[in-house]
Amino acid sequence: MRTILVVALACMSALTLMQAGVADIHIHGIVRDSVTRAPLIGATVRVANTSQGTVVGRGGVFHLHDVVGDTVRVVVSMIGYASKAIIVTGGVDRRVEVLLAPAAILSKAVMVEGETNAGMPAQHVEVLSQAHVDEHRGQTFADVLRTVPGVTIIQTGPSISKPMYHGMTGLRLVTLNAGVVQEGQQWGAEHAPEIDPFAPARIQVVAGPSAVMYGPNAIGGVISVEPRPLPTGNEAHGEVNINTFTNNWQGALGAWLEAGDVLGSGLAVRVQGSTRRAGDAATPAFRLTNSGFSELNGAVDLGLTIGDVEVVARASLFGTTLGIFSGSHVGNSTNLQRVIERGRPLSVTDAFSYDIGRPRQEIEHRLLSIQTTLNLHDAGTVKVVYGWQRNDRSEFDAHNSRIVGRGDDPVERARDSVARLNRALATPAMQLLLDTYSADARWTVDVGHDVRLTTGVAGQHQKNTRFGSVFLVPDYVANGLGGFAFAQMMVGDVALAAGVRYDVRTLQADVRARFATESVRHDRTFASGTASIGAAWEPSEHWLVRANVGTGWRPPHVNELFSNDVHHGTAVFEYGDSLLQSERSVGLDASVRYRQSDVEIYVTGYVNSFDGYILSVPDRNNPTVTVRGAFPTFRFTQTPATIAGADVRASWALSNALNLYGVTSIVRGTDVGRNQPLFMMPADRVRLGTHLHFHDAVGLHDPFLDVSVVAVDRQHRFEANFDYADPPPGYALVDVSVGGIASIGNHDVRVSASVSNLFDTRYRDYLSRFRYMAYDVGRNITVRITVPF
């Protein structure tokens with residue numbers, strides 16, 4: 001992997017030298033929303049009939065260098081907007097302004113968030129543009145979300161991370177992948193979303209209860225992952241991404257190729273694949289043994305429009321093998337206590353390896369999504385989405401019970417012992433096979449002049465089958481059926497949205513205790529309604545005010561009800577509670593945005609009140625000792641609770657080249673039933689940075705330098721003697737990134753290098769599942785090269 005890094009750096013140098021003598025015919029400008037005049041960061045600008053293109057950056061600005069021709073046709077596009085083609089003529093330096101019209105607007109020119117957005121128009125939506133996603137490709141899916149205000153990351157070692165938004169994660173967040181709600185074993189804190197980090201073109205994070213569209217698990221919001229729109233013209237192009245990471249000597253490679261109107265059939269096709277391989281990660285003090293991973297992903301997208309019918313299909317495969325830090329599995333309760341007191345494993349090493357031993361996880365996730373849209377003209381549109389997913393998760397234990405051979409002869413008995421041991425080690429301690437079938441149908445129609453109404457139904461069927469000797473999650477069958485309606489309308493200068501939904505969920509679980517010979521059937525039925533209303537008001541071009549209030553719910557998940565075994569990924573022993581009831585919430589969020597030509601400030605506040613908040617809490621006085629070792633004990637319980645907080649995002653463009661920015665997030669969780677701080681809430685944090693952007697420098701087009709500092713306070717709100725260890729101290733990290741574009745012929749090759757944790761600071765994040773026994777990872781240098789063709 002060190003060789004790959006050296007080659008990547010050499011490629012950057014070579015690209016810089018190769019482009020030095022090329023003439024620079026420069027087309028540049030700004031892309032804006034035609035209604036709000038807001039800059040459209042992340043829009044794609046492409047020279048027609050070539051592979052030359054770029055992505056709109058900060059402030060809506062774009063640059064195309066080394067353009068050939070006196071008259072150039074430029075195509076500008078963005079998800080949620082109508083594409084626009086313009087003819088550009090002139091001299092060497094040509095400046096343009098492009099206005100894109102929203103794909104769906106009401107008569108009074110107020111934009112309505114359509115099918116491309118997970119939330120209603122009055123809801124606050126954070127959009128990660130294609131440019132931002134490109135800058136973080138190759139990391140885990142959750143890592144891409146780190147810079148979103150209100151998003152924190154739950155880490156289980158360096159390779160497993162999942163997002164937490166406004167203090168809520170897992171079963172309180174819905175992830176949409178290609179129009180389908182992602183369904184895996186997302187109940188686990190170390191069960192990250194099975195999404196290829198190279199796949200998304202744009203990601204949206206929506207605040208507030210969006211359950212009227214996406215079911216009862218969207219109490220905390222929706223994360224919508226959108227692939228690139230398929231091409232419509234008869235052109236073929238693609239892209240290759242090469243990434244290297246020094247901390248765990250990871251190499252990552254992704255590529256896609258797409259074509260429109262294949263053989264004149266109108267069929268659009270895209271084929272995509274990626275692979276990643278990493279070894280043991282390094283903290284500033286020692287290596288995290290057995291923390292490597294390997295990953296192989298692929299996807300095919302098809303699109304066809306015939307008359308008033310459009311069909312878009314996606315088939316994807318995500319496969320990974322994840323090593324679990326071996327120092328997290330301890331042999332007995334005495335050693336467990338010693339590890340927690342020391343804050344580090346009993347033995348450490350600086351030796352590096354790509355080997356992935358035990359404990360480990362092997363995950364394969366298959367997804368099929370078929371979206372059919374029928375245009376009924378004045379009668380609106382009908383959209384039907386069918387989804388099928390299969391999640392296959394195997395967890396391999398670090399320890400095994402004593403294997404006794406069979407046979408009268410001692411030699412024969414010894415050989416049989418070895419053979420049986422090898423078979424046991426090759427067999428997962430637990431394998432979970434989850435099949436999910438889903439269907440969603442909705443009808444959208446304009447009612448009158450200023451009202452848009454959407455009604456729909458959604459159904460889901462799930463079957464989970466367990467194999468192995470671990471009984472953490474039982475076999476079960478779950479079914480769900482829901483109906484919803486919501487309206488979007490204009491009342492004067494105020495955009496309103498309101499929705500209602502009702503869902504019924506059934507669960508049949510066959511629960512078998514560890515040493516029992518027969519299982520016991522448990523039947524549960526849960527039903528409840530969801531409602532929300534929101535408003536957005538833009539009194540002037542500088543101010544925007546939004547507010548939402550809603551009530552949501554979710555049924556307890558099967559693991560919260562029936563867990564009773566070792567959870568290997570997090571190295572804890574979990575006990576469920578079969579008497580848990582549905583969790584209900586009432587939420588309010590409001591936001592204010594102020595925008596001038598060079599200043600933008602966005603403030604969001606929220607509060608959620610829960611009746612029957614479900615959480616897993618430590619039983620610190622009773623660690624569980626098994627034949628596999630000693631593990632911290634956690635038990636699921638239910639309590640009234642509140643989660644409130646605020647996010648602030650600000651940016652100030654001091655000049656065309658220099659931009660200052662800052663983001664801060666504060667979360668306060670309270671266990672109302674016990675009048676204590678809520679367990680596992682993120683600590684206060686702030687990120688401050690500066691972004692320098694130039695025209696041409698050091699042989700690169702549009703070079704940039706970004707320097708930021710993230711400071712995280714200690715979590716001061718905790719209950720004494722409740723957890724196995726008190727929250728760790730606060731910390732501050734410095735991150736630096738540089739990059740630019742090297743023009744090679746008609747190809748704009750993006751190159752960048754970044755350093756996270758520049759000073760190799762020792763720290764432990766409170767949300768890290770391994771903070772009891774290890775530091776978080778140290779300095780990491782990342783090199784990225786993106787080659788379009």
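A residue is called buried when its relative accessible area is under 20%, exposed when it is over 50%, and partly exposed in between, with a 1.4 Å probe and protein chains only. This is a predicted model, in which local features need pLDDT of at least 70 and side-chain atom pairs count only at pLDDT 80 or more, while totals for chains, interfaces and linings use all residues. Residues are numbered from 1 along each chain as its sequence is written, and side-chain values use heavy atoms, with hydrogens and water left out. Helices (H or I, at least four residues) and strands (E, at least two) are DSSP runs numbered from the N terminus.

**Nonpolar surface patch**

- Val 309, Val 311, Ile 370, Leu 374, Leu 376, Tyr 386, Tyr 437 and Trp 443 together form a nonpolar surface patch with about 590 Å² of accessible area, the area coming from the Shrake-Rupley method with a 1.4 Å probe and only the protein chains shown counting as cover.
- Patch members have over 30% relative accessible area and no salt bridge, and nonpolar side chains (Val, Leu, Ile, Met, Phe, Trp, Tyr) are joined within 5 Å, like charges within 9 Å; a salt bridge is a side-chain nitrogen of Lys or Arg within 4 Å of a carboxyl oxygen of Asp or Glu.
- At least two residues of the patch come from each of strand E20 (309-323), strand E21 (360-375) and strand E23 (430-447).
- Leu 376 lies in the loop between E21 and strand E22 (381-396), and it counts as partly exposed because its relative accessibility is 32%.

**Largest nonpolar core**

- A nonpolar core is a set of buried Ala, Val, Leu, Ile, Met, Phe, Trp, Tyr and Cys residues joined through side-chain atoms within 4.5 Å; the largest has 40 residues, of which Tyr 613, Ile 643, Leu 678 and Phe 679 touch the most other members.
- Helix H4 (333-342), E32 and strand E35 (633-653) are the elements that give two or more residues to this core, and E32 gives the most, with 5 residues.
- Beyond four places in sequence, Leu 678 has contacts (heavy atoms within 4.5 Å) that include Tyr 613, Leu 615 and Ile 643.

**Val 603 in strand E32**

- Val 603 is placed in strand E32 (residues 599-618), and its relative accessibility of 37% is why it counts as partly exposed.
- The C-alpha atoms of Val 603 and Arg 649 are separated by 6.5 Å, although the two residues are 46 residues apart along the chain.

**Ser 528 in strand E27**

- Ser 528, in strand E27 (residues 520-537), counts as buried because its relative accessibility is 15%.
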